[in-house]
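Open the structure in your viewer and keep the selection tool ready. This tour moves from stop to stop.

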Amino acid sequence: MRRLPTGRRVPSGETGARFPNFDALDQVDAWDPATAATVVGRLARQPDLRFFTPAEEATAGALLDRLLAQDGPPGEPKVPVLQMVDARLAEAQTDGWRYHDMPEDGDAWRATLAALDRDAADEYEADSFADLTCDRQKRLVRAVQDLHGKPWHGLPAAHVWSLWTRYACTAFYARPYAWNEIGFPGPAYPRGYARLGIGLREPFEEADADPTADPADRKGTG
Amino acid sequence: MSGPVRSRLREAAGTLCLTASPQRAIRERNASAWLLPEDGARFDHRLVEGMRRFDDTDEVDLVVVGCGAGGATLTQRMAHAGWSVVCLEAGPFWDPDTHWVSDEAGSHHLYWTEPRVISGTDPVPMGSNNSGRGVGGSTVHFAGFVPRFHPSDFSTFTDDGVGADWPIRYEDLRPSYERIEQELPVAGQYWPWGDPHPYPYAPHPVGGNGEILLRGAAALGIRARVGPVAITNGRFGNRPHCIYRGFCLQGCKVNAKASTLITHVPDALAHGAEIRTQAMAVAVETDAEGRRAIGVRYLRNGREHLQRARTVAVAGYSVETPRLLLNSANRRFPDGLCNDHDQVGRYLMVQGAPQTAGRFEEEIRAYKAPPPEVTSEDFYETDPTNGFKRGYAIQTVSPLPITWAEHVAAQGHWGHDLRRYMQDYIHWATLGALCELLPQPGNRVTLSDEKDRHGLPVADFSYSQCDNDRAVIRAARATMERILRAAGATEVITIERYAHLVGGCRMAAGPEQGVVDADLRTFAVPNLLITDGSVLPTQGSANPALTIMAVVDRAARRLADGARSGLRSPYERSLP
């Protein structure tokens with residue numbers, strides 16, 4: 001198969017310092033057809049937004065970029081998490097449950113995005129959360145996180161946090177871009193793995209270029 | 001000969017006897033593994049195309065609701081015994097080749113994702129680790145980890161004053177455990193805990209995550225063993241060897257990991273059972289007086305049908321089974337079918353499943369090999385020196401990137417911090433505990449005001465922990481942190497979560513304490529059975545699938561043995 005024009009690195013944010021030459025898509029020929037169609041199809045153009053209103057689009061886009069640190073310069077390519085979340089909500093593809101003190105996921109997203117805009121107006125007299133600087137957006141997001149179980153605009157902050165991060169992580173880490181950043185080879189059928197055990201690598205797995213880099217003690221820094 | 005040498009010889013002899021025994025008896029009992037294709041395809045579509053099809057007006061011997069661990073096992077057993085069986089399944093008939101992918105996000109459709117409400121002080125998220133859909137049910141995406149319950153699990157109330165006593169003993173289930181372990185089949189080291197026993201297949205090779213648990217446990221003098229997993233190690237019928245690709249929880253495209261789709265459904269179809277998919281059960285119908293079940297009403301292709309049957313078995317698992325009974329209220333049972341004593345939906349249990357991950361400078365690459373591979377049950381039983389009753393087991397778990405990211409985010413990491421943690425993915429080894437949480441009447445399923453797309457009230461699952469629960473979880477967490485530190489971890493993080501479901505329609509000695517008797521017949525309606533995990537009165541610290549299949553195997557034998565004696569009420573049988 002011709003090499004897919006995906007690039008090796010996760011666009012924006014991080015630099016791909018740990019696995020600089022690794023690309024999970026190099027192995028696409030070794031994947032079964034059903035899996036390859038699913039993963040490669042995910043790289044295709046995303047559907048147009050159907051769920052979010054323009055005001056929600058602006059706020060959701062900014063919120064998701066902060067949660068996932070997709071804060072490269074304007075115009076730099078990035079994982080289209082906003083489009084992926086919008087598609088999921090439009091199709092009501094939930095995890096199959098909701099907290100009794102939260103609305104169904106779609107309504108919960110609308111309510112919490114509006115609440116972020118209210119916080120932006122109250123704290124900084126802005127029309128939209130999206131109009132704030134990155135630092136101010138992060139401050140408002142952190143304020144929600146710091147509430148833990150306490151209510152935030154009538155909803156339990158911990159359940160709001162769970163909703164946001166579940167949707168954000170599920171979209172972002174579904175993409176080969178993100179796998180490349182973390183050294184995960186993705187699909188493994190029908191090939192499988194032959195080298196099991198600590199420190200063992202398949203020929204197509206790449207060693208971590210900086211194995212001593214420990215992310216500890218940076219919690220909650222955004 | 002010294003004691004340890006003698007016991008090792010006994011273990012070796014038991015293992016040899018089992019691994020070298022001919023498979024003829026297994027094949028005669030259940031030929032599923034031999035009915036799978038030999039040409040590399042994962043399911044023989046001719047079995048479905050040529051499937052016997054009944055008419056709604058045919059009064060079949062048995063209609064089963066749900067084709068998961070319990071429902072598929074019962075369907076196979078009764079079809080094999082010559083009964084005419086229709087199994088109604090809400091989801092699709094999976095084709096592993098085309099419907100399943102070796103990808104995390106692409107496997108969302110394997111879970112039961114219709115709406116449910118969760119409440120209580122410690123609400124339990126549903127979905128990927130506890131609710132299946134389609135033929136095979138949650139065995140399609142279970143990890144295949146199949147330890148037995150311990151003998152002590154059957155008498156926790158008598159022994160410790162907590163939980164409940166089962167109306168059967170461990171010894172009643174032992175032959176069923178042995179049969180199911182052979183049919184899955186199970187690979188693992190000789191098991192030293194509970195009722196010590198060998199497994200029919202040798203343990204699988206261990207991945208990086210498993211090596212960490214073995215290393216840490218050895219340093220602390222904690223016993224750990226490899227297995228038991230329901231994953232072929234060597235050939236079994238036409239089931240191939242595992243390829244260690246790590247996507248066990250996304251449906252096994254290899255046919256190496258057991259799911260009832262490949263372990264029981266092929267033989268059921270070959271013996272004339274019909275598995276009617278995309279059929280959503282609406283209610284169990286009874287005669288006008290509510291004395292006996294006459295069939296199951298269900299929705300299919302937008303139309304409502306009634307499949308008539310002489311016997312009905314409900315196997316929708318711990319949330320959908322109570323929901324179906326509550327939704328089946330009628331004049332005789334105004335509060336829900338079989339709910340005379342307000343037992344339906346109660347004593348629902350989950351296991352506390354904290355996950356502790358440790359950071360190692362070495363590359364662990366936990367995504368290779370079966371996610372749960374190595375375990376210790378040294379802390380399973382009540383220890384009088386602890387401040388709590390019952391205990392926990394420790395296993396390896398190996399979250400794939402999305403699951404791992406959700407866990408890291410749940411710990412409060414986001415933005416650049418989250419991305420940095422995630423880049424460190426291959427350096428983390430993760431252990432998970434299964435903590436026995438006690439059955440409580442208030443942990444239950446009720447009907448919510450919300451309705452699903454069929455117009456049926458959805459389940460509200462309320463869950464709250466008690467003090468003993470919290471103490472067990474704390475202890476498990478401390479032990480996992482100790483093991484990882486002993487293995488050389490430079491940092492450990494723990495996240496709180498739950499795993500598995502059992503209870504909700506428990507078996508008991510009488511109708512005031514539960515919904516079904518030891519043979520899984522409901523006390524209220526003698527020709528209605530419940531044959532899934534909801535009948536378990538306690539849950540131990542073991543993954544429940546094997547025990548669910550074992551209690552159904554036992555009930556199926558009792559049902560088949562009693563077939564010629566006609567309809568019997570449990571009340572009559574208990575008379576001298």
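Select P185(B) to start, in the loop between α8 (170–183) and α9 of chain B. This is a predicted model.

Switch to chain A and pick Y189(A) and P190(A). Their peptide bond is also cis, and omega is about 5°. P190(A) sits in the segment after α7 (176–182) of chain A. Most peptide bonds are trans, and most residues other than glycine have a negative phi.

Return to chain B for the backbone angle phi. Select Y244(B), in the loop between β4 (225–226) and α10 (260–263) of chain B. Its phi is positive, near 60°. Is Y244(B) buried or exposed? Y244(B) counts as buried because 22 C-beta neighbours lie inside 10 Å, and the cut-off for buried is 20 or more.

Next, go to Y317(B) in helix α12 (residues 317–327) of chain B. Phi is positive here too, near 80°. Y317(B) is buried, with 27 other C-beta atoms within 10 Å.

Last stop: the contact between the chains. Chain B brings 65 residues and chain A brings 56 residues. On the side of chain B that touches chain A, elements giving two or more residues include α9 (208–220), α13 (401–410) and α14 (416–423). Which of the elements gives the most? α14(B) does, with 7 residues. By class, this side of chain B has 27 nonpolar, 18 polar and 20 charged residues.

Finish on the strands. β1 (residues 98–99) of chain A pairs with β3(B) in the parallel sense, over 2 bridges. Select R98(A), and find V117(B) of β3(B) opposite.

Conventions: Residues numbered from 1 in each chain as written. Chains lettered and ligands numbered in written order. Predicted model: local features only at pLDDT ≥ 70, side-chain atom pairs only at ≥ 80, totals over all residues. Contact = placed C-beta atoms within 7 Å. Helix = DSSP H or I, 4+ residues; strand = E, 2+ residues; numbered from the N terminus. Nonpolar A, V, L, I, M, F, W, Y, C, P; charged D, E, K, R; others polar. Pairing = 2+ DSSP bridges. Buried ≥ 20, exposed ≤ 12 C-beta atoms within 10 Å, placed from the backbone.
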